Amino acid sequence: MAYTPQYGPGTSVIAENRRKQMNPNNKLEKVRDVTDEDVVLILGHRAPGAAYPTAHPPLAEAGEPDCPIRKIVTPTEGAKAGDRVRYIQFTDSMFNAPSQPYQRTYTYCYRFRGIDPGTLSGRQIVECRERDLEGYSKFLMETEMFDSARCSVRGATVHGHSLRLAEDGMMFDMLQRCLLMGDGNVKYVKNQIGEPLDREVNVGKPMDEAWLKAHSTIFHSLVGVPYRDDQEYVEYVQRIHSLRTKYGFMPKE
Amino acid sequence: MTEASYPQCRIVPLRMLKPETAERLLNAIGKVCGIRRMLVNGPRLPATVPYGPARGAPNPHTARRIIKVGDTEVELQVQVGQIVLEVEDEGVIEEVRIVCDEFFTEIPYTLQEGIFMKTKPSLVDYAKYGPEADEAMIGLMDPGKKGGPVILQGLK
């Protein structure tokens with residue numbers, strides 16, 4: 001019988017949302033339009049329209065050694081062209097943001113190729129070849145994994161994920177990379193490291209509370225679903241904890 | 001430095017305040033008679049990018065601006081998250097509570113009583129101000145910063 005991944009335990013809406021994001025066979029809902037040029041501007045790695053700088057010659061010209069692994073693994077487009085390795089980093093508020101650092105890493109590993117994710121408590125960074133990165137970034141910002149108020153692209157000074165929200169519902173950002181405009185849209189005025197942009201980049205309107213609560217992937221006892229309400233999740237985590245603790249004592253049986 | 005005999009309270013709104021709202025709130029609280037010291041607290045808004053690849057670049061931020069409390073101009077360097085007050089007696093806290101109940105109609109808030117300011121100088125305070133430090137100023141400002149506290153006109 002073929003193996004069918006379960007992606008994660010749990011019976012709550014949070015657990016279901018986590019599984020939806022991780023499962024690459026599930027098509028994530030597209031909720032906003034961000035152009036390729038917008039993504040390039042927010043990332044700030046190259047000027048829009050500029051050629052991709054390279055770290056090595058294209059693989060077709062490089063004369064690769066005879067290697068069985070290279071025959072098995074198909075290179076990504078960025079690797080084929082010899083692009084530089086660049087990054088995008090997200091900060092997600094604990095107040096019902098649609099994704100979270102660990103969740104992001106699991107999701108990326110199931111959905112993307114040729115990536116090197118780094119997971120921290122309040123931020124999640126992923127490195128990969130530049131043209132692959134732009135494609136992945138566009139996907140991450142256009143789909144239901146992103147909310148313009150509760151998620152933010154922050155290459156540096158990420159502080160804000162665990163703070164109270166501002167009065168207008170935006171997550172605190174010391175560098176104020178994005179602003180909630182009068183028309184209700186959130187626009188980036190700085191790139192991810194805090195350098196001013198030549199033009200504002202629109203990432204759409206923030207989603208309402210009901211949508212955020214229905215699409216959240218974080219347990220929160222005050223504003224969302226409490227962790228202890230998902231009995232199956234608690235049992236699973238307790239089982240893992242128990243097994244690895246016992247393994248530390250090298251049980252005989 | 002805090003005298004143990006003076007009660008303190010802390011106003012914590014559920015959302016962090018915009019400068020305009022903070023200005024209105026501080027002006028409303030400032031009309032209450034009997035407040036000795038006031039501390040506006042929250043995450044810092046630096047004038048330049050403090051670290052990362054853009055370190056040292058200017059950091060324009062709409063929440064870092066000058067507000068007017070009474071007749072005095074105050075430069076906000078933080079996004080206002082909480083306000084700590086030291087008052088003359090318990091009755092003043094109740095007056096502050098009435099002001100806050102009227103003010104916070106859209107955002108919930110909590111008003112807590114306790115000790116929220118430093119009770120004695122820390123090592124950093126000693127290094128910065130020495131043994132002859134003005135005890136009323138201890139804990140009101142970051143010892144690593146230049147500039148002092150703002151003096152508001154009293155009501156008595």
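## Where chain B meets chain A

Between chain B and chain A there are 14 residue pairs in polar contact, counting pairs with both residues at pLDDT 80 or more. That threshold applies here because this is a predicted model, in which side-chain atom pairs count only at pLDDT 80 or more. Salt bridges are another matter: the count between chain B and chain A is zero. On the side of chain B that touches chain A, the residues divide by class into 15 nonpolar, eight polar and three charged.

How many residues are in contact across this interface? Chain B brings 26 residues and chain A brings 23. The size of an interface is often given as the accessible area lost when the parts come together. For chain B and chain A that buried area is about 1,900 Å², and 59% of it is on carbon and sulfur atoms. Within chain B, the residues that lose the most area to chain A are R15(B), M16(B) and Y51(B), which together make up 30% of what that side buries.

Two packed helices are described by the angle between their axes and the distance between the axes. In chain A, helix 1 (residues 13-22) packs with helix 6 (residues 101-111) at an angle of about 35°, and their axes are 8 Å apart. From helix 1 of chain A come N17(A), R18(A), K20(A), Q21(A) and M22(A), which meet Q103(A), Y106(A), T107(A), Y110(A) and R111(A) in helix 6 of chain A. By class, the residues of this contact are three nonpolar, four polar and three charged.

The closest N and O atoms of E16(A) and R19(A) are 3.0 Å apart. Over all chains, a search of the whole structure finds 26 salt bridges.

## Helix 9 and the backbone around it

Now for helix 9 of chain A, residues 231-248. Its 18 residues reach 26 Å from first C-alpha to last, close to the 26 Å expected at 1.5 Å a residue. Just after helix 9 of chain A, M250(A) takes a positive phi of about 50°.

## Other positive phi values

Most residues other than glycine have a negative phi. Where does Y7(A) lie? Y7(A) is found in the segment before helix 1 of chain A, and its phi is positive, near 70°. Q176(A), which is not a glycine either, has a positive phi of about 45°. Q176(A) belongs to the loop between strand 4 (151-153) and strand 5 (178-180) of chain A.

Terms used. Residues are numbered from 1 along each chain as its sequence is written. Chains are lettered from A and ligands numbered from 1 in the order in which they are written. Side-chain values use heavy atoms; hydrogens and water are left out. Contact means heavy atoms within 4.5 Å. Buried area is the accessible area (1.4 Å probe) that two parts lose on being put together, summed over both. A salt bridge is a side-chain nitrogen of Lys or Arg within 4 Å of a carboxyl oxygen of Asp or Glu. A polar contact is a pair of N or O atoms within 3.5 Å; within protein, one must be able to donate a hydrogen and the other to accept it, and residues adjacent in sequence count only if both atoms are side-chain atoms. Ala, Val, Leu, Ile, Met, Phe, Trp, Tyr, Cys and Pro count as nonpolar, Asp, Glu, Lys and Arg as charged, and the others, Gly among them, as polar. Helices (H or I, at least four residues) and strands (E, at least two) are DSSP runs, numbered from the N terminus. The expected span of a helix is 1.5 Å times one less than its number of residues. Axes are lines fitted to C-alpha atoms, for helices over the stretch in contact, and angles run from 0 to 180 degrees between N-to-C directions.
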